Amino acid sequence: MTGADVAPRSAIATLTIPTATISADPLLTLIATISPPYQTKVTISKKESLSLTIGPDTLTHRNAILRSLCGGGLHNALDSQGSSPLLFLGGHSASSFAGASPISSLAMAGISSWMSVASSIRGGSADDVSTLIGQLNGYFSTRSFVVPSAAPTLADLDLYLAIVENVSGEALESMIGSSVNTRRWLEQCGATLEELTVVAAKNAEYSKIPAATIPKGLDPKPSPLPMFFYGDEDESVVAAAASAVASATAAAPANNKGKGAGAKPSGAPGGGGAGELTDEQKKEAAEKRAKKAADKAAKKKDQPKKANKGGAVPAAEVTVSALDIRVGKIVKAWEHESSEKLWCEEVDVGEETPRKIASGLRAFYKSDDMQNREVLVLCNLKARNLGGFPSHGMVLCASNADHTGVEFAVPPPGAKIGERVTFEGYDGEPEAENKLAKKKMFEKLAPDFKTDGNGEVVWKGVKCMTSAGVCKAVNGMANAQVS
């Protein structure tokens with residue numbers, strides 16, 4: 001398909017989409033289809049590259065095009081509670097104009113940063129997704145979406161699609177595990193994309209843009225209400241209750257289709273399900289409970305009291321001593337050839353040769369700021385490719401809540417290159433790289449790795465020390481996350 005699919009006289013924007021992008025970029029396809037048809041002229045071309053022209057200006061970067069379509073480029077038609085229920089920029093586009101609202105300006109910067117994260121995840125590995133999921137679980141413990149918003153934003157949907165395009169099915173389910181905050185966010189983004197495909201389908205007849213193919217994410221699972229017991233119930237009662245819950249949960253997707261509000265699930269009281277106890281079973285269970293209680297009381301009376309009750313040995317707690325954090329010095333830094341976000345660095349951490357490490361700091365530091373900078377380096381991370389660059393370690397930085405401010409975590413003057421930092425009361429050798437990754441130790445420790453009110457690096461309030469003194473955020477950023 002070539003040529004203009006939509007060419008209204010009132011169009012204020014011309015969007016050119018390569019044919020290959022239609023199938024490869026579902027988010028761009030959705031936004032193009034949902035965009036106000038009388039304001040947007042869409043051309044699908046086999047030869048031309050992606051671009052958006054608004055007046056004398058032409059944008060060619062995919063992320064900038066998406067933000068413009070959702071914001072000021074089309075007079076905020078896709079970011080307004082008034083004329084549209086869509087909030088692709090969290091409702092911040094209009095109020096951030098010319099810095100009118102600092103909060104909205106920060107939110108818009110956050111959307112841009114998170115879309116850059118999504119771009120890096122698309123070019124990364126499954127390990128990158130696993131690390132991100134662990135970090136998101138802590139991030140979403142106090143937030144609904146990546147920036148303040150009443151609904152998933154463009155950045156949320158972009159990040160979601162980057163994740164499910166990389167990892168899906170059982171592999172994604174396994175990565176999520178008990179990360180309930182990340183699961184909730186993934187399910188919400190998936191549901192929002194389903195709703196958007198319905199809106200896009202209504203516009204498709206006019207726009208003639210092929211439907212977007214949305215990758216499959218998580219399958220939302222029914223969550224039955226908890227059942228409480230006093231602890232002296234007979235096993236048959238507990239088993240019957242569990243059976244009723246299992247039956248209702250398994251049947252929920254099928255049984256709820258087409259049923260009215262008064263319908264009862266299988267196994268519910270009064271529903272005649274297999275999990276309901278008969279009067280005879282109830283009587284038998286009550287007799288067993290009484291007998292069990294009497295036997296337990298008699299046994300307790302006959303046994304002498306034990307001074308010390310034996311118990312299972314609790315699993316060893318993971319502490320900050322598992323991390324190998326050393327004083328390092330960036331001896332060389334250059335721009336990544338294919339990522340606008342990454343610096344490539346050679347960092348001296350006291351080994352025979354400098355470590356090669358990639359850091360997503362291009363938005364925050366210039367080349368001169370990187371050269372000969374003394375930093376803190378997490379050294380016992382497994383080596384991995386970031387955009388094709390072999391990275392072995394992490395340069396630690398402090399960042400604010402929405403990641404719009406980032407500062408190096410640095411050692412004090414006089415600290416020795418290669419020296420391992422310490423935390424008082426947490427001694428021990430660092431864990432091997434494989435074990436640290438397999439047990440997701442850094443992800444467990446990261447939520448407590450912060451700067452305090454003085455900008456000093458701490459873990460659970462214990463200061464990060466070298467032989468020369470305490471480590472800190474280079475400009476004193478207080479109460480920030482360190483990672």
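**Exercise 1: A polar side chain**

In this predicted model, the side chain of Asn 137 lies 2.9 Å from the backbone nitrogen of Asn 181. Determine where Asn 137 is placed, whether Asn 137 is buried or exposed, and which residues beyond its sequence neighbours Asn 137 contacts.

Solution. 
1. Asn 137 belongs to helix α5.
2. Its relative accessibility is 18%. The cut-off for burial is under 20%, so Asn 137 counts as buried.
3. With neighbours within four places in sequence set aside, Asn 137 is in contact with Ser 179, Val 180, Asn 181 and Thr 182.

**Exercise 2: Packing of α5 and α7**

Describe the geometry of the pair α5 and α7, and classify the residues of their contact.

Solution. 
1. Two packed helices are described by the angle between their axes and the distance between the axes.
2. For α5 (residues 126–139) and α7 (residues 169–176), the angle is about 35° and the axes are 9 Å apart.
3. The crossing of these two helices is right-handed.
4. From α5, Ala 126, Val 129, Ser 130 and Ile 133 take part, meeting Leu 172, Met 175 and Ile 176 of α7.
5. The residues of this contact comprise six nonpolar, one polar and no charged.

Terms used. Residues numbered from 1 in each chain as written. Predicted model: local features only at pLDDT ≥ 70, side-chain atom pairs only at ≥ 80, totals over all residues. Heavy atoms only, no water. Axes fitted to C-alpha atoms, helices over the stretch in contact; angles between N-to-C directions. Helix = DSSP H or I, 4+ residues; strand = E, 2+ residues; numbered from the N terminus. Left-handed = near helix turned anticlockwise from the far one by under 90°. Contact = heavy atoms within 4.5 Å. Nonpolar A, V, L, I, M, F, W, Y, C, P; charged D, E, K, R; others polar. Buried < 20%, exposed > 50% of the residue type's maximum accessible area, 1.4 Å probe, protein only. Polar contact = N/O pair within 3.5 Å; in protein donor to acceptor, adjacent residues only side chain to side chain.
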